[in-house]
Amino acid sequence: MQKIALLGRPNVGKSTLFNRLIRSNRAITHDRPGVTRDRMEGVVRPRGGRPFRIIDTGGVTLDEHSRPAEGPASLRGFETEILRQAEEAIRDAAVLCLVVDGRDGLMPFDEHLAAFVRRQNKPVLLAVNKVDGLEREDAMLAEFHALGLPMLAVSAEHGHNLRALEEELGDLLPDEEPAEADDRSVLRLALLGRPNAGKSSLVNAMIGESRMIVSEVAGTTRDSVDVPFEIDGQRCVFVDTAGVRRRTRIDDVVEKFAVNASLKSTTKAHVTLYVIDALEGVTSQDKRLVDLLDERKTPFMILVNKIDLVRRKERAALDKAFKELLEFCPHVPVLLVSALTGAGLDAILPMATRIREECAIRIPTGQLNRAMEEVLQRHQPPVVKRCRPKFFYLTQAETEPPTFVFFVSDADRVLDSYARYLEKGLRRLFHIEHAPMRVRLRSSHKKKDD
């Protein structure tokens, strides 16, 4: 789809407008300026019009020479990177939408950014935000005529004129549009981990460009940012997320929103890449998050980043820590990688593809029955309370993840250790090596054929 970029100084309401246009609360919004740093994309589907992609960008602060100027305190040190992200969005976009704050009036940063935008030789629409009704439009728009741009008064918060904005932006798009690809073939990968584990660096290394802002400052990434890319014909989307700290250590409301978005993103991805800093090793927070992913049966793998900085004599301790971490989910693969040197990165997509394929496996009924007979013959269920439980039949209830239900005479008599043995046997017979699996036991007093 063709793209339209939202541009503006900090705190004019770009992210609120972005959420309204895509009809989803994707971008974190807050009264504090500088919440958005990385650019993110969503799809706008106007009523009766053709869909297009919208790009949300961080607040840009320019001086009169179009150089990065010092922004609000929460953006200090990020001004140059945010401008670079905005410039990338401008290059990708067919149309630019400059957003200003009607309540604040025309500010110097607006004038400098408008001059910068006009030099891009692309269609531009000026969206004067925070105008809550027709009766206030003339007064609030008056001074913005000095920018010499076609304009429209809108209110992202209250929905005023948003449909008109969709139509105006759509009309500015070029007539020719490439065919939309089938999203079912896209592999969605969510990155999760503690702050500063190197998630954004891994995204940049995998796609071969500085797509995400990287900084030693923990918490640089806040929104869950979709990054589409293609490698060897495989279309993918990375969902880079904010670092997840222990909730007891989070006292910032923006970080709370970011952490919630991070955890939610794992439910929408095909595979989650859990990133651990090799230098810090496995922490108690890593253990909590891995337990959460395992409990939810989330398809995931572990990427041990910065492995190039670990000395060989320290590898044994690291290996031991991962064996302990994965004691109850040994199916989870561990890849040693380095965003800096590129080591191990080539193995990530093939492994993620394999996990996704295993999640979609559907086993025929005949094969299920033979599998049950084989695992029972290898090792019968132990006697519990002077009675051995009888297994009648096996069904596959669903996929993603593969879920298998054993019907037995008394499910309460099947020990947890035997249930783990059953899962291990099914994994071996069905070649499900790395995907999560559910094995359930249901009491029944007769065989299926009775």
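Let me begin with a term: a residue is buried when its relative accessible area is under 20%, exposed when it is over 50%, and partly exposed in between, using a 1.4 Å probe and protein chains only. By that rule, buried residues account for 52% of the 450 residues in this chain.

The model is a predicted one, in which local features need pLDDT of at least 70, side-chain atom pairs count only at pLDDT 80 or more, and totals for chains, interfaces and linings use all residues. Residues are numbered from 1 along each chain as its sequence is written, and side-chain values use heavy atoms, with hydrogens and water left out.

The chain has 12 helices and 15 strands; these are DSSP runs numbered from the N terminus, helices being H or I of at least four residues and strands E of at least two.

I turn now to asparagine 305, in strand β11, residues 300-305. With a relative accessibility of 2%, asparagine 305 counts as buried. A polar atom of its side chain lies 3.1 Å from the backbone nitrogen of alanine 339. Beyond four places in sequence, asparagine 305 is in contact (heavy atoms within 4.5 Å) with residues including Ala197, Leu202, Asp277 and Ala339.

Next, the helix pairs. Two packed helices are described by the angle between their axes and the distance between the axes. Here axes are lines fitted to C-alpha atoms, for helices over the stretch in contact, with angles from 0 to 180 degrees between N-to-C directions.

How do the axes of helix α11 and helix α12 cross? The axes of α11, residues 365-378, and α12, residues 416-430, come within 10 Å and cross at roughly 130°. The two helices are therefore oblique to each other; angles under 35 degrees count as roughly parallel, over 145 as roughly antiparallel, 65 to 115 as roughly perpendicular, and the rest as oblique. Among the residues making this contact are Leu368 and Ala371 of α11, and Leu422 and Phe430 of α12.

For helix α1, residues 14-22, and helix α5, residues 162-172, the axes come within 11 Å and cross at roughly 85°. That makes α1 roughly perpendicular to α5. Leu17, Arg20 and Leu21 of α1 meet Leu162, Arg163, Leu165 and Glu166 of α5.

Finally, isoleucine 363 sits in the loop between α10 (348-359) and α11. Is isoleucine 363 buried or exposed? At 8% relative accessibility, isoleucine 363 counts as buried. Isoleucine 363 touches Leu368, Gln396, Phe404 and Phe430, leaving out residues up to four places away in sequence. Isoleucine 363 and phenylalanine 430 are 67 residues apart in sequence, yet 7.8 Å apart in space, C-alpha to C-alpha.

Definitions and conventions:
Polar contact = N/O pair within 3.5 Å; in protein donor to acceptor, adjacent residues only side chain to side chain.
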